[in-house]
Amino acid sequence: MRVDKVEYEMKEEKNVLWTAHDVQEALELPDTFAMRAATGVSIDSRTACQGDLFVALKGAQFDGHDFVEQAFQKGAVAALVAEGSKPANSFSEAKGTGAGAIIVVPSVDQALMQMGRYALLPCLPSFLGRLD
């Protein structure tokens, strides 16, 4: 009896966390940018992965805006940056690196909180009846 070896191609499927539509709706942005669906979110370019939405937070020691290009080189599909920041003012810096979308907002911190609230909306319980 002969048994043929069958090889199965294993495909890693990641769940989509953010689409362009979701980001636009969460941040109340006009329909002015296109981005591939994000499968993760990163605030550290050193740990950014293929498919991430990179959030350029500014801290006491480092400014995430200085690391947008590195996040794109690691496969980030988009970067959330503040108005007036270097990436927001100069799109050419990330060109040629497989750069994704640059999403410009007034405050990255506020935008991240808005996105968090938006993501939790489907999880909020519904109440029927009176609460008093």
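Predicted model: local features only at pLDDT ≥ 70, side-chain atom pairs only at ≥ 80, totals over all residues.

Me: What pattern does the protein chain follow along the sequence?

Reply: Reading along, you get α-β-β-α-β-α-β-α, with four helices and four strands. Those are DSSP runs, numbered from the N terminus: helices are H or I with at least four residues, strands are E with at least two.

Me: What makes R46 and D44 a salt bridge?

Reply: The rule asks for a side-chain nitrogen of Lys or Arg within 4 Å of a carboxyl oxygen of Asp or Glu. Here the N to O distance is 2.8 Å, so the pair passes. The structure holds one salt bridge. As background, side chains of opposite charge can pair when their charged atoms come close.

Me: Why is R46 called exposed?

Reply: Buried means under 20% relative accessible area, exposed means over 50%, and partly exposed is in between (1.4 Å probe, protein chains only). R46 has 64% relative accessibility, so it counts as exposed. D44 has 22%, so it is called partly exposed.

Me: How do you know that A71 is buried?

Reply: Its relative accessible area is 1%, so A71 falls under the 20% limit. A71 lies in helix α2 (residues 68-73). Leaving aside neighbours within four places in sequence, A71 is in contact (heavy atoms within 4.5 Å) with S45, A48, F54 and A76. A71 and C49 are 22 residues apart in sequence, and their C-alpha atoms are 7.8 Å apart in space.

Me: What makes α1 and α4 roughly perpendicular?

Reply: Axes are lines fitted to C-alpha atoms, for helices over the stretch in contact, and angles run from 0 to 180 degrees between N-to-C directions. Under 35 degrees counts as roughly parallel, over 145 as roughly antiparallel, 65 to 115 as roughly perpendicular, and the rest as oblique. The axes of α1 (residues 20-27) and α4 (residues 108-120) come within 9 Å and cross at roughly 110 degrees, so the two helices count as roughly perpendicular.

Me: Which residues meet there?

Reply: D22, V23, E25, A26 and L27 in α1 meet A111, Q114, M115 and Y118 in α4. By class, that contact has six nonpolar, one polar and two charged residues.

Me: What makes E28 stand out by its phi?

Reply: Most residues other than glycine have a negative phi. E28 has a positive phi of about 50 degrees although it is not a glycine. E28 lies in the loop between α1 and β1 (40-42). At 69% relative accessible area, E28 is exposed too.

Terms used. Residues numbered from 1 in each chain as written. Heavy atoms only, no water. Nonpolar A, V, L, I, M, F, W, Y, C, P; charged D, E, K, R; others polar.
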